[in-house]
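Student: I would like a close look at one part of this protein. Please take me through the core and the aromatic rings, step by step.

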Amino acid sequence: LRIGLNKEIVEKYHKENFNQMLIGDITLEDFWQDMRNLGGRDDLDYESIWLEEVTNNRKINTELLDYIKELKTKCSVGVLSNLTFTRYIADRKIGLYDNFDFTVLSCLENSRKPNPEFYQLAIERSGVLPSEIMLIDDKEVNLKTAQGIGMQAVLHQYGDSLESLKGRIDSIL
């Protein structure tokens with residue numbers, strides 16, 4: 001890698017610290033410093049390098065974003081996501097969150113799915129009743145928590161077609 005570490009060291013760090021990264025216990029500054037402590041170069045702007053690498057190797061699902069824009073004409077659309085600060089800054093750079101009416105992001109909230117308080121933030125930010133919220137997620141455990149507090153839930157796993165998702169959403173709307 002350009003920072004002076006091999007890929008395996010960075011992957012091992014992510015694996016060992018992933019849960020702390022998801023809830024924001026490891027900040028960007030912590031992560032960059034940890035990379036330096038593991039042998040990365042001191043003279044680099046890690047954030048700029050990270051954003052350049054991620055941006056160059058990222059494929060945006062424009063078809064899904066177009067559907068989100070269509071949905072926003074019918075209802076409020078938010079995102080609840082378990083993600084790290086490193087993912088957050090990459091998503092923010094491309095303006096991903098501009099496509100949503102509200103966000104609940106684990107690294108910013110110090111909580112994550114499936115913790116019920118994480119979903120409560122979505123209820124507060126959406127301004128609607130839990131029964132008026134539909135969570136689309138790829139993990140059953142996340143859907144069960146949402147259903148437990150009164151939300152509607154739709155399973156959509158990677159590889160499922162967008163047409164299939166549209167059909168399930170339209171049947172609920």
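Tutor: Start with the largest nonpolar core, which has 34 residues. Ile3, Phe31, Met35, Tyr88 and Tyr97 have the most contacts inside it. A nonpolar core is a set of buried Ala, Val, Leu, Ile, Met, Phe, Trp, Tyr and Cys residues joined through side-chain atoms within 4.5 Å. Buried means under 20% relative accessible area, exposed over 50%, and partly exposed in between (1.4 Å probe, protein chains only). At least two residues of this core come from each of helix H1 (7-22), helix H2 (28-37), helix H3 (46-56), helix H4 (62-71), helix H5 (85-93) and helix H9 (162-172). Helices (H or I, at least four residues) and strands (E, at least two) are DSSP runs, numbered from the N terminus. Apart from this core lies another, of 13 residues, among them Phe102, Ile133, Leu143 and Ala146.

A word on the model. It is predicted: local features need pLDDT of at least 70, side-chain atom pairs count only at pLDDT 80 or more, and totals for chains, interfaces and linings use all residues. Residues are numbered from 1 along each chain as its sequence is written, and side-chain values use heavy atoms, with hydrogens and water left out.

Now the rings. Rings of Phe, Tyr and Trp (its six-membered ring) pair if their centres lie within 6.5 Å; planes under 30 degrees apart count as stacked, over 60 as edge-to-face and the rest as tilted. By this rule there are 6 aromatic pairs. One of them joins Tyr13 and Phe31: it is tilted, with 5.4 Å centre to centre and 50° between the planes. Tyr13 lies in helix H1 and Phe31 in helix H2, so this pair ties together parts 18 residues apart in sequence. Tyr13 counts as buried, at 8% relative accessibility. Phe31 is buried too, with a relative accessible area of 2%.

Phe31 also pairs with Trp50. That pair is edge-to-face, with 5.7 Å centre to centre and 80° between the planes. Phe31 is in helix H2 and Trp50 in helix H3, 19 residues apart, and the pair links these distant parts of the chain. Trp50 is partly exposed, with a relative accessible area of 23%. Tyr13, Phe31 and Trp50 belong to one aromatic cluster, together with Trp32 and Tyr46.

Last, return to Tyr97. Leaving out residues up to four places away in sequence, Tyr97 touches Val79, Leu83, Tyr88, Asp91, Arg92, Thr103 and Leu105. Contact here means heavy atoms within 4.5 Å.
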